[in-house]
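Please keep the viewer open as you read.

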Amino acid sequence: MITTRAMNVILSLLVWQLLCMAGKSHRNLARAATLGEWKQLPENIGVSAMHMQLLYNDRVIIFDRTDFGPSNLSLPNGVCRYNPDDLALKVDCTAHSLEYDVKANSFRPLMVQTYRFCSSGSVLADGRLLQTGGFNDGEKKYRVFRPCADCDWQEFDRLNAPRWYATNHILPDGRIIVIGGRRSFNYEFYPTSKTLIDFPVLVQTNDPGEENNLYPFVHLNVDGNLFIFANNRAILFDYNKNSIVRMYPQIPGGDPRNYASSGSSVLLPLSTDGTEAEVLVFGGAPRGSYAQASKGVFVTALSTCGRIKITDASPQWLMENMPTPRVMNDMTLLPDGNVLIVNGASRGTSGHERATNLVLSPVIYFPDKAVGGSNPHEGYVFSGVDFPTDLTLEAFSPAYLHTEFDSIRPTIVLPTAHASVNYGEILRVQYTISGTLSSREVSVTMVSPSFATHSYSMNQRLLQLGGGNSIKVGTSTYTTEVRTPKSSILAPSGYYILYVIHQGIPSVGTWVHISSKQSAEW
């Protein structure tokens with residue numbers, strides 16, 4: 001079971017420095033999130049949190065780049081990294097990765113051997129973290145981290161192409177697809193083989209001198225195909241046949257949304273009937289912003305938000321204006337299905353020191369009604385600049401975690417932590433509420449924790465399992481029956497966080513594992 005502190009931090013770390021709260025609205029679909037409070041965790045974790053992944057043991061794996069010099073976290077017991085290919089230090093006795101223990105509010109250093117900055121990742125069906133690519137000596141490496149008390153990274157040299165700024169996504173059969181990367185207009189799969197498949201879409205969407213199609217947004221559709229958005233356009237892609245199933249309209253305005261004009265994207269919550277899917281894309285920078293920023297001219301970022309129902313027969317983009325322009329924003333799905341938008345700048349673009357005017361206010365997007373540090377520099381710079389490197393770790397306690405809601409907050413009794421569930425079965429969820437139950441305002445969701453970096457959270461997915469049928473089975477104790485996703489197309493095998501929502505107030509989450517025989521074999 002995830003503790004209250006763990007819930008705060010988990011929600012805060014899924015997208016670098018996540019802020020959380022819930023609420024209701026109507027036509028003003030996005031609203032500034034002003035309630036709640038920050039709490040500083042470790043003042044200095046020694047490593048900039050450029051990449052993050054929450055694991056099922058309530059640990060968050062954090063890592064940054066090598067090849068720039070020492071970090072502020074030493075490796076233990078006099079251990080040093082010896083790497084003749086390192087561009088800055090051939091012998092480095094500092095860590096560039098760490099494991100943060102959410103419950104204990106502590107961290108331990110991990111060993112990084114090669115450059116993995118601007119890389120990609122996914123959690124495998126058995127809970128191991130797979131991380132792919134990087135730059136220099138790390139561009140064709142993949143690494144695996146197994147959750148355990150004293151585990152560390154294992155590194156392998158088997159990728160078929162350099163993977164720098166690529167995107168990963170877990171597939172229904174448990175494999176991982178790795179798409180793109182700088183000058184890598186192709187894709188491949190993990191477990192690795194010698195197969196490298198050309199992907200011309202990445203050539204077609206590459207803007208000379210700016211690219212604007214790195215870290216493509218990839219979402220698994222309810223039909224098993226992949227929705228892939230690069231630059232300003234999207235396709236539905238059958239990766240088994242290497243064929244485009246359909247092409248979607250260009251997003252209105254035609255401006256780019258991917259790195260270096262970094263916006264963000266989420267797949268909106270799915271129901272277990274698996275008939276509809278909708279994608280949200282927000283933020284980014286107008287075309288040419290990267291070149292302008294290189295000259296010291298910081299163009300105003302995009303303030304538009306587009307959503308498209310990718311399962312419609314004739315899908316069209318619905319465009320909305322958000323409260324503020326943002327580039328390098330992060331989006332995450334909250335347990336209640338609303339979308340949190342946080343971080344970023346209102347002028348400029350991605351890249352070292354190419355943005356200004358930080359946006360510090362989070363925004364909540366209501367689809368049904370219509371953090372850890374930072375470093376914008378090439379190395380760690382703590383003084384003499386507008387935005388010094390920040391190595392703090394912070395959590396934001398959302399309004400719905402306030403003690404005034406304790407009487408209506410559910411506490412999950414069953415399933416127990418790390419319980420195994422099957423596809424398409426009736427799941428009996430038991431919970432307690434000390435106050436008065438409003439049975440029609442009970443719902444159950446399950447969320448896959450994502451790999452967060454560069455304004456995009458890979459593999460992010462929320463399933464709405466149902467609710468509203470609670471039965472009292474004891475003193476302040478209730479059960480509600482919901483149906484689990486019917487297949488691994490809706491919910492690829494792996495670990496998810498299960499929540500009970502009552503009157504808009506989520507419980508503390510509990511981990512469940514859903515699997516199929518095929519995916520368990522990878």
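Does Cys 148 count as buried or partly exposed, and what is its relative accessibility? Cys 148 has a relative accessibility of 25% and counts as partly exposed. The cut-off explains the label, because a residue is called buried under 20% and exposed over 50%, with partly exposed in between. Do keep in mind that this is a predicted model.

With that example in hand, let's step back to the whole protein. There are four helices and 44 strands in the protein. Of its 522 residues, 61% are buried. The protein exposes about 19100 Å², and 49% of that is supplied by carbon and sulfur atoms.

Now back to the cysteines. Searching the whole structure turns up two disulfides. In one, Cys 80 is joined to Cys 93, with 1.8 Å from S to S. This link is right-handed, with 85° about the S-S bond. What does the pair tie together? Cys 80 sits in the loop between strand 4 (59-63) and strand 5 (81-82), while Cys 93 sits in the loop between strand 6 (91-92) and strand 7 (97-101), so the bond connects parts that are 13 residues apart in sequence. The two ends fall into separate accessibility classes: Cys 80 is buried at a relative accessible area of 17%, whereas Cys 93, at 34%, is partly exposed.

The cysteine we began with, Cys 148, is joined by a disulfide to Cys 151, again with an S to S value of 1.8 Å. The torsion about the S-S bond of Cys 148 and Cys 151 is about 110°, so this disulfide is right-handed. If you number the bonded cysteines in sequence order, the pairing reads 1-2, 3-4. Two further cysteines to look up are Cys 118, buried with a relative accessible area of 1%, and Cys 305, buried with 0%.

Next, a sheet to pick out among the strands. Strands of a sheet pair through backbone hydrogen bonds, in either a parallel or an antiparallel sense. Here, four strands make an open sheet in the order 13-14-15-16, with antiparallel pairing. Its edges are strand 13 (167-170) and strand 16 (197-198), each of which pairs on one side only. Strand 13 meets strand 14 (residues 176-179) through four bridges, in the antiparallel sense.

Finally, let's look inside. In soluble globular proteins, nonpolar side chains tend to be buried together. The largest nonpolar core in this model has 76 residues, and Ile 179, Phe 199 and Leu 226 have the most contacts inside it. Strand 18 (residues 226-230) gives the most to this core, contributing five residues. Which residues does Leu 226 touch, leaving aside its neighbours within four places in sequence? Its contacts include Leu 171, Ile 177, Ile 179, Val 218, Leu 220, Ile 235, Phe 237 and Tyr 239, and His 219 is also one of them. Apart from this core lies another, of 35 residues, including Val 60, Leu 75, Leu 268 and Val 339.

Definitions and conventions. Residues numbered from 1 in each chain as written. Predicted model: local features only at pLDDT ≥ 70, side-chain atom pairs only at ≥ 80, totals over all residues. Heavy atoms only, no water. Helix = DSSP H or I, 4+ residues; strand = E, 2+ residues; numbered from the N terminus. Buried < 20%, exposed > 50% of the residue type's maximum accessible area, 1.4 Å probe, protein only. Areas by Shrake-Rupley, 256 points an atom, 1.4 Å probe, with all protein chains shown as cover. Disulfide = S-S within 2.5 Å. Pairing = 2+ DSSP bridges. Core = buried A, V, L, I, M, F, W, Y, C linked by side-chain atoms within 4.5 Å. Contact = heavy atoms within 4.5 Å.
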